[in-house]
Amino acid sequence: MSKPVVLIAEELSPATVEALGPDFEIRHCDGANRAELLPAIADVDAILVRSATKVDAEAIAAAQNLKVVARAGVGLDNVDVKAATQAGVMVVNAPTSNIVSAAELAVALLLACARNIAPANAALKDGQWKRSKYTGVELTDKTVGVVGLGRIGLLVAQRLSAFGVKLVAYDPYVQPARAAQLGIRMLSLDELLAESDFITVHLPKTPETVGLIGEEALRKVKPTVRIVNAARGGIVDEHALYVALKEGRVAGAGLDVFASEPCTDSPLFEFESVVATPHLGASTDEAQEKAGIAVARSVRLALAGELVPDAVNVKGGVIAEAVRPGIALAENLGRVAGSLATSPISAVEVEVLGEIAELDVKILELSALKGVFSVLVTDPVSYVNAPVLAGERGVAVSLTTSESSANYRNLVRVNLTLTDGQTVVVGGTVTGTRNVQKIVEVDGFEVDVPVSEHLVFLRYADRPGVVGIAGRVLGDAGVNIGGMQVSRDEAGGHALIALTVDSAIPAGVLEQIASEVGATSVRAVDIAL
């Protein structure tokens with residue numbers, strides 16, 4: 001078999017290729033060159049990019065085999081996540097790869113502002129010894145306001161605490177009690193603006209945060225304040241900052257990001273009190289290597305059909321180890337349920353019962369949905385586009401949980417409601433140290449059947465001889481039975497036979513069984529294990 005193809009469209013660390021390993025065919029192209037990118041992406045399974053390659057709707061449409069777009073970094077401005085999701089393409093990034101580097105740069109900019117490092121350096125290299133002109137300020141006992149106390153903001157706060165500063169923060173999603181444990185006092189934004197001697201911004205760029213530190217905010221600060229933005233361009237309004245610096249309402253600024261990049265000519269550059277760098281937050285050898293290794297691992301997982309923790313367009317939640325064995329089970333139960341459906345589906349309900357119900361089991365709903373649609377549509381179905389397919393078809397999807405499970409430690413049940421009012425219910429569990437998947441119920445019938453590559457479900461009116469007929473017909477067709485389970489609601493009532501067989505059922509054999517038995521239904525289910 002040919003190896004999956006991975007296209008590296010920008011320069012990445014050698015460790016990235018090492019992390020991919022020998023299981024892939026590695027190709028390279030200049031992703032910034034559109035004429036080179038579009039033909040190169042046509043038959044690849046995954047593409048790895050940084051920030052220069054635009055993986056937009058056109059590129060995704062040109063990539064017929066594409067399964068993963070991997071951004072070796074945090075931002076996704078150059079990836080059309082919506083178009084990728086519609087196409088069932090997973091998008092992954094490396095959200096924690098650069099957080100230390102970004103935090104360290106923010107601290108560096110803050111210190112550079114405080115001590116006039118940049119202009120003093122430039123003057124000295126120009127032959128000027130100007131000690132008195134570039135007198136700065138200490139950090140000790142100053143108040144530092146951290147706007148956004150996420151992963152990077154918290155790292156910045158931790159590092160600055162060593163300088164003996166008073167830490168305050170604004171973040172509506174952080175509980176004051178939690179911040180207090182870290183020695184940080186939570187304030188409203190207006191309070192932070194008024195109290196801070198230094199302000200450092202660490203927010204994502206959203207419609208709500210664009211221009212957050214703008215004209216109105218900059219009229220509430222101390223005239224001695226120094227403002228650092230190493231997060232995203234546009235959160236600090238550059239024109240408003242320029243005016244505030246010009247009018248002496250702000251003492252200085254450290255900027256690594258800009259509203260429009262690359263930025264090589266800004267009015268802000270006329271101020272010696274502004275230290276500017278060209279978006280260097282992630283530009284360390286360590287961050288680049290971490291990012292490349294992280295996305296390489298994600299690509300390996302994705303192309304192996306597994307869920308990827310850093311996928312940005314798959315809502316699977318954090319996967320606990322106890323939940324992981326249920327992922328494949330839920331998908332296989334979905335395949336069985338979808339195969340047993342006799343009319344279009346109007347709703348899919350996934351039930352999770354038992355000990356794992358106290359954990360985040362959202363991924364089991366997603367897995368079951370993937371399994372259901374994999375037998376109903378001809379296009380490839382992934383964790384990414386399964387919810388899209390459900391939405392397009394008006395299928396309601398829900399997840400219910402209960403820590404109570406009468407007969408099993410954990411039970412996953414897939415319930416389908418069909419448009420004709422009928423229902424399909426398939427339940428299963430995972431047992432033993434080897435995590436053996438078992439189907440334990442089908443539409444109210446109790447069974448105990450291991451999930452197998454080839455399954456057959458036969459329904460009929462209970463009477464003698466049916467097992468022999470099914471065995472004979474399958475034997476005549478050269479199909480060997482691996483296991484059989486008979487279940488019935490009562491003697492002479494409704495009965496179900498669940499079979500595992502060693503090979504796919506030839507065309508016409510199921511119809512022959514149904515005819516000779518007088519079965520109400522016979523269904524074969526093939527599962528790629």
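Colleague: How do the axes of helix 5 and helix 7 cross?

Modeller: They come within 9 Å of each other and cross at roughly 50°; helix 7 covers residues 151-161. Axes here are lines fitted to C-alpha atoms, for helices over the stretch in contact, and angles run from 0 to 180 degrees between N-to-C directions. Helices (H or I, at least four residues) and strands (E, at least two) are DSSP runs, numbered from the N terminus.

Colleague: So what do you call that arrangement of helix 5 and helix 7?

Modeller: Helix 5 and helix 7 are oblique to each other. Under 35 degrees counts as roughly parallel, over 145 as roughly antiparallel, 65 to 115 as roughly perpendicular, and the rest as oblique.

Colleague: Which residues meet there?

Modeller: From helix 5, they include Ile-99, Val-100, Ala-103 and Leu-110, and from helix 7, Ile-152, Leu-155 and Leu-160 are among them. Contact means heavy atoms within 4.5 Å. The residues in this contact split into 11 nonpolar, no polar and three charged. Ala, Val, Leu, Ile, Met, Phe, Trp, Tyr, Cys and Pro count as nonpolar, Asp, Glu, Lys and Arg as charged, and the others, Gly among them, as polar.

Colleague: Is this from an experiment or a prediction?

Modeller: It's a predicted model: local features need pLDDT of at least 70, side-chain atom pairs count only at pLDDT 80 or more, and totals for chains, interfaces and linings use all residues. Residues are numbered from 1 along each chain as its sequence is written, and side-chain values use heavy atoms, with hydrogens and water left out.

Colleague: OK, sheets now. What's the strand order in the seven-strand one?

Modeller: That open sheet goes 8-7-6-9-10-11-12, with parallel pairing. Two strands pair if DSSP finds at least two bridges between them.

Colleague: Which strands stand at its edges?

Modeller: Strand 8 (184-186) and strand 12 (274-276) do; each has a single partner strand, so one side of each has no neighbour in the sheet. The twist averages 20° from one strand to the next.

Colleague: How many bridges join strand 7 to strand 8?

Modeller: Three. Val-168 sits opposite Arg-185 of strand 8.

Colleague: And the four-strand sheet, what's its order?

Modeller: 20-21-19-22, open, with antiparallel pairing. Strand 19 (residues 454-461) and strand 21 (residues 494-501) pair over seven bridges, and Arg-459 has Leu-496 in strand 21 as its bridge partner.

Colleague: Which helix lies across strand 19 and strand 22?

Modeller: Helix 12 (residues 325-340), running at about 145° to strand 22.
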